[in-house]
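Here is a short report on one protein chain. Look over the sequence and the 3D view, then read on.

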Amino acid sequence: MNEKEALVRFGISMPQSLIEQFDAMLVSQGYDNRSEAVRDLVRRALLAPGHIQTEQMAAGTIVLVYDHHVSDLPMVLTDLQHQYHQEINSNLHIHLNHNQCLEVIVVRGIVSRLRDLQQRIQVLKGVSYAELSVTHVDESDTAVHGHHHHDHDHDGHHHN
């Protein structure tokens with residue numbers, strides 16, 4: 001929250017049992033007061049997929065689990081990630097067991113491009129899980145102002 005932004009007070013009515021559960025959650029999560037917790041809940045709700053405009057710039061992660069023994073899936077994933085190199089900031093790869101890998105791809109770009117990447121990963125044979133989580137929306141940036149285009153030629157570039 002911007003420090004110069006004025007706080008606005010408003011009242012909330014809810015059943016006693018619900019407020020007791022909420023207060024118990026506040027204590028367990030270390031909140032000092034209800035206002036801090038409600039602000040965090042509202043921020044989280046505003047980052048829900050249905051509330052983010054597709055042309056906005058955003059940052060977040062794509063988490064995926066896949067079977068690395070499925071045909072050429074690792075190569076297909078690598079090639080796909082090269083197609084979205086402008087949106088990918090970092091990649092964490094973990095071997096879960098003999099067959100499965102978990103990857104966390106840190107992304108930043110136009111929401112529609114991030115969703116396209118997640119969907120293209122999800123439909124690949126051998127991918128059991130792929131989810132985009134948007135954790136930050138650049139309120140001042142739009143597709144016109146915030147997206148920086150870099151020309152990189154990755155044709156013929158392969159990882160072994």
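## Overall layout

The secondary structure of the protein chain comes to five helices and four strands. Helices (H or I, at least four residues) and strands (E, at least two) are DSSP runs, numbered from the N terminus. Along the sequence, the pattern reads α-α-β-α-β-β-α-β-α.

This is a predicted model, in which local features need pLDDT of at least 70 and side-chain atom pairs count only at pLDDT 80 or more, while totals for chains, interfaces and linings use all residues. Residues are numbered from 1 along each chain as its sequence is written, and side-chain values use heavy atoms, with hydrogens and water left out.

How much of the protein chain is buried? Buried residues make up 28% of its 160 residues. Buried means under 20% relative accessible area, exposed means over 50%, and partly exposed lies in between (1.4 Å probe, protein chains only).

## The largest pocket

Rolling a probe the size of a water molecule over the atoms shows where empty space is left. The largest pocket holds about 950 Å³ of space. Of the 28 residues that line the largest pocket, the closest to its centre are Phe 10, Ser 35, Val 38, Arg 39 and Val 42. The search uses a 1 Å grid over the protein atoms alone; a pocket is an open set of points where a 1.4 Å probe fits, with protein on both sides within 12 Å along at least five of seven lines, and lining residues have an atom within 4 Å of a point. Grid points are joined across faces, edges and corners, and a volume is the space filled by probe spheres set on the points.

Which elements supply the lining of the largest pocket? Helix H1 (16–29), helix H2 (34–46) and strand E4 (127–142) each give at least two residues. H2 provides the largest share, eight residues. By class, the lining has 16 nonpolar, six polar and six charged residues. Ala, Val, Leu, Ile, Met, Phe, Trp, Tyr, Cys and Pro count as nonpolar; Asp, Glu, Lys and Arg count as charged; the others, Gly among them, count as polar.

## Helix H2 and its contacts

H2 has 13 residues, which should span 18 Å at 1.5 Å a residue; its end C-alpha atoms are 18 Å apart, which agrees. The expected span of a helix is 1.5 Å times one less than its number of residues. At the start of H2, a side-chain oxygen of Asn 33 comes within 3.0 Å of the backbone nitrogen of Ser 35.

Asp 40 lies in helix H2. At 26% relative accessibility, Asp 40 is partly exposed. Its side chain makes a polar contact of 2.6 Å with the side chain of Tyr 31. Another polar contact, of 2.7 Å, joins the side chains of Asp 40 and Arg 43. A polar contact is a pair of N or O atoms within 3.5 Å; within protein, one must be able to donate a hydrogen and the other to accept it, and residues adjacent in sequence count only if both atoms are side-chain atoms.

Ser 71 sits in the loop between strand E1 (56–67) and H3. Is Ser 71 buried or exposed? Ser 71 is exposed, with a relative accessible area of 64%. Its phi is near 30 degrees, a positive value in a residue other than glycine. Most residues other than glycine have a negative phi.

Helix H3 (residues 73–83) contains Gln 81. Gln 81 is buried, at 13% relative accessible area. A polar contact of 3.3 Å joins the side chains of Gln 81 and Glu 103. Leu 80 also lies in helix H3, and Leu 80 is buried at 7%. Leu 80 and Arg 120 are 40 residues apart in sequence, yet 8.2 Å apart in space, C-alpha to C-alpha.

## Helix H4

Helix H4 (residues 111–122) has 12 residues and reaches 16 Å from its first C-alpha to its last, close to the 16 Å expected. Val 111, Leu 114, Leu 117, Gln 118 and Ile 121 are buried in H4. Seen down the axis of H4, these buried residues fall within an arc of 125 degrees, so they line one face of the helix. The arc is that of the directions from the helix axis to the C-beta atoms.

Gly 109 is found in strand E3 (residues 100–110). Gly 109 is buried, with a relative accessible area of 0%.

Asp 138 is found in strand E4. Asp 138 is buried, at 6% relative accessible area. The side chain of Asp 138 makes a polar contact with the side chain of His 136 (2.6 Å).
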